[in-house]
Amino acid sequence: MFTEANAIELSATLDAKREALLATLGGMPGVAVAFSGGIDSTVVAKAAHLALGTRAVAVTADSPSVARNELRDARELAKLIGIRHVVVRTDEFRNPDYTKNDGSRCYHCKTELYTTVESILPELEVSIIASGANLDDRGDYRPGLLAAAEHSVRHPLQDAGFTKADVRALARFWGLPTWDKPAAPCLSSRMAPGVTVTPERTKRVEDAEAVLRSLGLRECRVRYHEGDLARVEVPVSELSKFAADPVRGELARALHGLGFKFVTLDLDGFRSGNLNELVPIELKLRYRRDEPTQAPAADEL
């Protein structure tokens, strides 16, 4: 359930970036925003709707890698923004290069997404795809950005000079209820490299993380390792609670009941994206996007 955000005043710098974002999108004949419901794509969708009205459409992918609550939230957000919204089915799980999960999975996922969206652009009566990538996504291991480049996807937040902090501040200014929402990458991202991605495993992770949230957590991960091992990540401040009974026993029983043979608690706590440490260096070099950390004052996805 969404709650109303507290509006804030924009600094002169951020106000200029907001105007640049609206101008960038307003200069497009029409745009399909790759819309996951995360904070970045939500801000792009809001800006696109303000700048283009009915010439903007939010497109959300649906597959076994998308948690049901994330799909529900995307629908609610699109309705709140007022933007036209389309949900498309993607078939990345039929691609063995995706399911083998060798570290390039995100490239194949985004390729499937952008290919699917491209195929319906005439039906949507728009000609450009836009993403929610911001400046903080540059110079990192981001296979999905290579797929975006291959499909001429635009990155309006990068064009307008937005960092992640800028995105959250603008979302709060616009009253978007998810301005402080934690990152929510796809369920397949929980699989350690080398662990085959299957719908059954993504569902198991989805259910396991629902158990953690029912115990009061907002940020958490269940990483899936070989041997049906669940590596549970919670904030460091919560470690003592989850290591002690009755919570420890309750969590272990629940995850064993979902099919995990081993349940471990990571003493390093929650760390976003730490499975990238297991990706072979040659793959990181192949998909690395070495771009400046500061943009002139323009964009990308």
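Let me begin with a definition: helices are DSSP runs of H or I with at least four residues, strands are DSSP runs of E with at least two, and both are numbered from the N terminus. By that count, the protein has 12 helices and seven strands.

The structure is a predicted model, in which local features need a pLDDT of at least 70 and side-chain atom pairs count only at pLDDT 80 or more, while totals for chains, interfaces and linings use all residues. Residues are numbered from 1 along each chain as its sequence is written, and side-chain values use heavy atoms, with hydrogens and water left out.

A word on confidence. The pLDDT is the predictor's confidence in each residue, on a scale from 0 to 100. Its mean for this protein is 90, and 89% of the residues reach 70 or more. Over residues 290-301, however, the pLDDT is below 50; beyond near neighbours in sequence, that stretch has 46 contacts in the model. Contact here means heavy atoms within 4.5 Å.

Next, the protein as a whole. I shall call a residue buried under 20% relative accessible area, exposed over 50%, and partly exposed in between, using a 1.4 Å probe and protein chains only. Of the 301 residues, 51% are buried. The accessible surface, computed by the Shrake-Rupley method with a 1.4 Å probe and, for residues, with only the protein chains shown counted as cover, comes to about 13600 Å², and 52% of that belongs to carbon and sulfur atoms. Among contacts between residues at least 6 apart in sequence, 76% join residues at least 24 apart.

I turn now to helix 2, residues 39-52. Its 14 residues reach 20 Å from the first C-alpha to the last, close to the 20 Å expected at 1.5 Å a residue; the expected span is 1.5 Å times one less than the number of residues. How many of the residues of helix 2 are buried? The count is 11 of 14, so this helix is mostly covered. Among the buried ones are Ile39, Asp40, Val43, Lys46 and Leu52. Their cover includes helix 1 (12-26), strand 1 (31-34), strand 2 (56-62), helix 3 (68-81), helix 7 (156-159) and helix 8 (164-173). Just after helix 2, Gly53 takes a positive phi of about 60 degrees.

A nonpolar core is a set of buried Ala, Val, Leu, Ile, Met, Phe, Trp, Tyr and Cys residues joined through side-chain atoms within 4.5 Å. In the largest one, of 34 residues, Leu21, Val31, Val43 and Phe162 touch the most other members. Two or more residues each come from helix 1, strand 1, helix 2, strand 2, helix 3, strand 4 (128-130) and helix 8. The largest share, seven residues, is that of helix 2. Leaving aside residues up to four places away in sequence, Val43 touches Leu21, Leu157, Val167, Leu170, Ala171, Trp174 and Leu176. There is also a second, separate core of 27 residues, which includes Ala192, Val195, Ala208 and Val222.

Some individual residues deserve attention. Arg168 lies in helix 8 and, at 22% relative accessibility, counts as partly exposed. Beyond four places in sequence, the residues that Arg168 touches include Ile39, Thr178 and Trp179. Arg168 and Thr178 are 10 residues apart in sequence, and their C-alpha atoms are 8.6 Å apart.

Two polar contacts follow; such a contact is a pair of N or O atoms within 3.5 Å, where within protein one must be able to donate a hydrogen and the other to accept it, and residues adjacent in sequence count only if both atoms are side-chain atoms. Asp159, in helix 7, is buried at 1% relative accessible area, and its side chain makes a polar contact of 3.2 Å with that of Arg154. His225, in strand 5 (residues 221-225), is buried at 17%; its side chain is joined to that of Arg231 by a polar contact of 3.0 Å.

I finish with the backbone. Most residues other than glycine have a negative phi, and most peptide bonds are trans. Asn101, in the loop between helix 4 (96-99) and helix 5 (105-124), has a positive phi of about 60 degrees and is buried, at 1%. Ser152, in the loop between helix 6 (143-150) and helix 7, has a positive phi of about 55 degrees but is exposed, at 60%. Finally, the peptide bond from Asp245 to Pro246 is cis, with omega near 10 degrees; Pro246 lies in the loop between helix 10 (239-243) and helix 11 (247-257).
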